[in-house]
Amino acid sequence: MNDDVRRAWAYLSRVAEPPCGPLVALIDLVGAPEAAAMVRRREFPEGFEAVADATTGRAAADRAAADLEHVAHLGGRLVTPDDDEWPEYRFQPMAARIPPEAPHHEDEVRELRPVALWVIGEGRIDELLERSVAMVGTRAPSSYGERVTDDFAGDLSAEGFTIVSGGAYGIDGAAHRAALAAEGRTIAFVAGGLDRPYPAGHAGLFRRIAESGVVVSEYPPGTVPGRHRFLNRNRIVGTATGGVVVVEAGFRSGTRNTATWAGRRGVPVCAVPGPVTAATSVTCHQLIRDGARLVSRSSEVIEEVGRIGELALELEVPERPTDGLEGPALRVHDALPARSGLPVSEIASIAGLPARAVMMQLAVLETKGLIRRDGALWRLAN
């Protein structure tokens, strides 16, 4: 890609607040250089009047060259649909129709793909997202939530999954750190310019993520994080991965927004159950009620988001010597006290069986090693 084309992409990434479906559609139709020229000239094909409205406020401010120079100074790059590492396959769900209950006109199809992505890191976005899972949750997790996140993210990293999250405090940060501790790869999608790490306390974590993974934003350098931008960031986290795992989240948590995006786009949603008395369990339990997959082990997550045939192993249930007993044999066994012996007559009375039937079952239980005879009394073997 030559410099002029890349500058056109950089200009288009700033000229409209994402997501801007009409602008993406225009770029698909005429290409980035011509779309940029149309925005500058304020001349658009019939049917693309919405692009004019979306770009009015920023069309005259062309900072493309400065943005590209700034991100290069940070050690980053601009990744566009013209680049080999653009994750086209992962962004396809963003072009799907939104169901009627979503806030839009009923017949509208909203194109929600990013125009381009600003990236810092050694990894390739397409390769990192190929086998990936998002882990999200509250900014104020319990020790239980932190432990589950650490276990799941570590196990999933060991199985070759890229851990994707939003770089926030709480579950997001715990997921990133667990992936790094397992020598795995992780992606942080952020809601502002890459030169404005947010939260600031995670600046060091973002640097570590970039060493093997990537830190990604659809916002050009200098963009200040804002609430609507966090919600837009959530749509990428929720739709560009193989699945979403919600660990802990309160009633008004933005995590629910991420899960909603995933559900609308057919991306598997998993939720970890928690104590019913904990406020951080509310969203997880509601998601499960609404159809999310309840997961209690990392292998269950892999079964949902992994390749065909990656199934969770059945839980091993410890066997007890009495597991095979039923009917009269179980009644006779239960009639015997823990520390003393009984004669046949008392066993028959307690079990409610004839003495002859009791004798038959005692012989069977003795053969199984569950009871022993002590003179005229019968005792449990243990």
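1. In this predicted model, the side chains of aspartate 126 and arginine 124 meet in a salt bridge, with a nitrogen-to-oxygen distance of 2.9 Å. Arginine 124 is partly exposed, its relative accessible area being 32%.

2. Because aspartate 67 lies in helix α5 (residues 64-73) and arginine 14 in helix α1 (residues 3-15), the pair ties together parts that are 53 residues apart in sequence. Both aspartate 67 and arginine 14 are buried.

3. A salt bridge also links the side chains of aspartate 28 and arginine 113, here with an N to O distance of 2.4 Å. Aspartate 28 belongs to helix α2 (residues 21-30), while arginine 113 sits in the loop between α6 (88-91) and β2 (117-120), so this pair ties together parts that are 85 residues apart in sequence. Arginine 113 counts as buried because its relative accessibility is 12%, which is under the 20% limit.

4. On helix packing, the axes of helix α15 (residues 327-335) and helix α16 (residues 344-351) come within 9 Å and cross at roughly 115°, and the crossing is right-handed. Arg331, Val332 and Ala335 make the contact from the side of α15, and Ile347, Ile350 and Ala351 make it from the side of α16. Sorted by class, the residues of this contact are 5 nonpolar, no polar and 1 charged.

5. As for the cysteines, the number of disulfides comes to 0. Cysteine 270 is in no disulfide, and the nearest cysteine sulfur, which belongs to cysteine 284, is 11 Å away. With a relative accessibility of 0%, cysteine 270 counts as buried; cysteine 20 is likewise buried, with a relative accessible area of 8%.

6. Glycine 145 is found in helix α8 (residues 143-158) and is buried, with a relative accessible area of 0%. Once its neighbours within four places in sequence are left aside, glycine 145 is in contact with Ile171, Val247 and Glu248. Glycine 145 and threonine 280 are 135 residues apart in sequence, yet their C-alpha atoms are 8.8 Å apart in space.

7. The backbone deserves a separate look, given that most residues other than glycine have a negative phi and most peptide bonds are trans. A cis peptide bond joins proline 18 and proline 19, with omega at about -5°, and proline 19 is placed in the loop between α1 and α2. Another cis peptide bond joins tyrosine 198 and proline 199, with omega at about 0°; proline 199 is found in the loop between β5 (186-189) and α10 (203-212).

8. Positive phi values are found in arginine 42 and glutamate 183, neither of which is a glycine. Arginine 42, with phi at about 65°, is placed in the loop between α3 (32-41) and α4 (49-55), and is partly exposed with a relative accessible area of 32%. Glutamate 183, whose phi is near 60°, has its place in the loop between α9 (171-181) and β5, and its relative accessibility of 74% makes this residue count as exposed.

How values were computed
Residues are numbered from 1 along each chain as its sequence is written. This is a predicted model: local features need pLDDT of at least 70, side-chain atom pairs count only at pLDDT 80 or more; totals for chains, interfaces and linings use all residues. Side-chain values use heavy atoms; hydrogens and water are left out. Axes are lines fitted to C-alpha atoms, for helices over the stretch in contact, and angles run from 0 to 180 degrees between N-to-C directions. Helices (H or I, at least four residues) and strands (E, at least two) are DSSP runs, numbered from the N terminus. A crossing is left-handed if the near helix is turned anticlockwise from the far one by less than a right angle, and right-handed if clockwise. Contact means heavy atoms within 4.5 Å. Ala, Val, Leu, Ile, Met, Phe, Trp, Tyr, Cys and Pro count as nonpolar, Asp, Glu, Lys and Arg as charged, and the others, Gly among them, as polar. Buried means under 20% relative accessible area, exposed over 50%, partly exposed in between (1.4 Å probe, protein chains only). A salt bridge is a side-chain nitrogen of Lys or Arg within 4 Å of a carboxyl oxygen of Asp or Glu. A disulfide is a pair of cysteine sulfur atoms within 2.5 Å.
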